[in-house]
Amino acid sequence: MLKIALPNKGRLSEEVRELFNDAGLEVRARGERALTASLGGEFEAIFVRAQDIPEFVADGAAQAGVTGWDLVNEAGRELDLLMDLEFGKCRLVVAAREESGITSADGVKDGMRVASCFPRLTQDYFAKRGQQVTVVPVSGAAEIAPHLGIADIVVDLTSTGSTLKMNGLREVATVLESSARLVACKRNDAEASQKLEELKQALGSVLAARGKRYLMTNVPRKVLPQVREVLPGLNGPTVVDIMNGGDFVAVHAVVSAKTIYRTINALKAMGCEGILVTRIERLMP
């Protein structure tokens, strides 16, 4: 079985496990503290710190792994990016104290001290801009550094910016946009690569189904042209004759969950009946 390195704790770990379970790769661990688990008998999961996953995968200890794009870039190891899993979204930003007068990265002066849990990315960012700064590596809570006089500014992760604002900091630039990614070892053989492609398709089918709904309704034949405008589906709606349906036909389509309320109201206004909406577990394009 191929080894897949997964985060061992935190919100990212929970979302990854949910995704694999929904894809039919149930995480079967012997206990909460187990270091390994079977993934539906197809793969073996190894649970490690999210920041260590790029190293494990690059060195071949695992054939693939799931971790944040920020951590992949900070590690600086060569990996194959298989797919963006579209959750765990956040930004690595430059932030300064509100009263500092710094409103953009151009306001960062040479010689300033920058506290960050991402020293590599921080150094590269300012070096590319031609700014000479001193990076102060910290292991957490970088936002407190300017208030303690440890640093002038910080480079830190944020999703909403609320924690930075709470601590009197203002975002002035974005270094990197991040989300959870599936990455693979560049030294994988052809067999491993094929199995990982199948894994990618399985996970992708679950992600494609999220935010979608399967809608079925009975439609008067005379309004089919208008219904096609409301229910475009993936390749247009499916229209099926109904036994003894008379003037009605059955129409099935995949629709966006975000607009389902308006879609149902539009269908009802056209005289559609028996509207049924269900969730989709997987969607293969």
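Let's start with Ile150, which counts as partly exposed because its relative accessibility is 36%; here buried means under 20% relative accessible area, exposed over 50%, and partly exposed in between, with a 1.4 Å probe and protein chains only. You'll find Ile150 in the loop between helix H5 (145-148) and strand S10 (153-158). Helices (H or I, at least four residues) and strands (E, at least two) are DSSP runs, numbered from the N terminus.

A quick word on what we're looking at: this is a predicted model, where local features need pLDDT of at least 70 and side-chain atom pairs count only at pLDDT 80 or more, while totals for chains, interfaces and linings use all residues. Residues are numbered from 1 along each chain as its sequence is written, and side-chain values use heavy atoms, leaving out hydrogens and water.

Now, on to the core. Which residues have the most contacts inside the largest nonpolar core? They are Ile4, Phe20, Leu85, Leu199 and Leu203, in a core of 30 residues. A nonpolar core is a set of buried Ala, Val, Leu, Ile, Met, Phe, Trp, Tyr and Cys residues joined through side-chain atoms within 4.5 Å. Among the elements giving two or more residues to this core are strand S1 (2-7), helix H1 (10-22) and helix H7 (190-209). H7 provides the largest share, seven residues.

Take Leu203: not counting residues up to four places away in sequence, Leu203 touches Leu19, Phe20, Ala23, Met83, Leu85 and Leu182, where contact means heavy atoms within 4.5 Å. There is also a second, separate core of 22 residues, and Val108 is one of its members.

Is Gln131 buried or exposed? Gln131 is buried, because its relative accessible area is 9%. Look for Gln131 in the loop between helix H4 (119-128) and strand S9 (134-137). A polar atom of the Gln131 side chain lies 3.1 Å from the backbone oxygen of Val108. Leaving aside neighbours within four places in sequence, Gln131 also contacts residues including Ala105, Asp106 and Phe126.

Last stop, the backbone. Most residues other than glycine have a negative phi. Glu86, though not a glycine, has a positive phi of about 70 degrees. Glu86 sits in the loop between strand S6 (80-84) and strand S7 (90-97), and counts as exposed because its relative accessible area is 51%. Ala141 has a positive phi too, near 50 degrees. Ala141 is in the loop between S9 and H5, and is partly exposed at 49%.

Notes. Polar contact = N/O pair within 3.5 Å; in protein donor to acceptor, adjacent residues only side chain to side chain.
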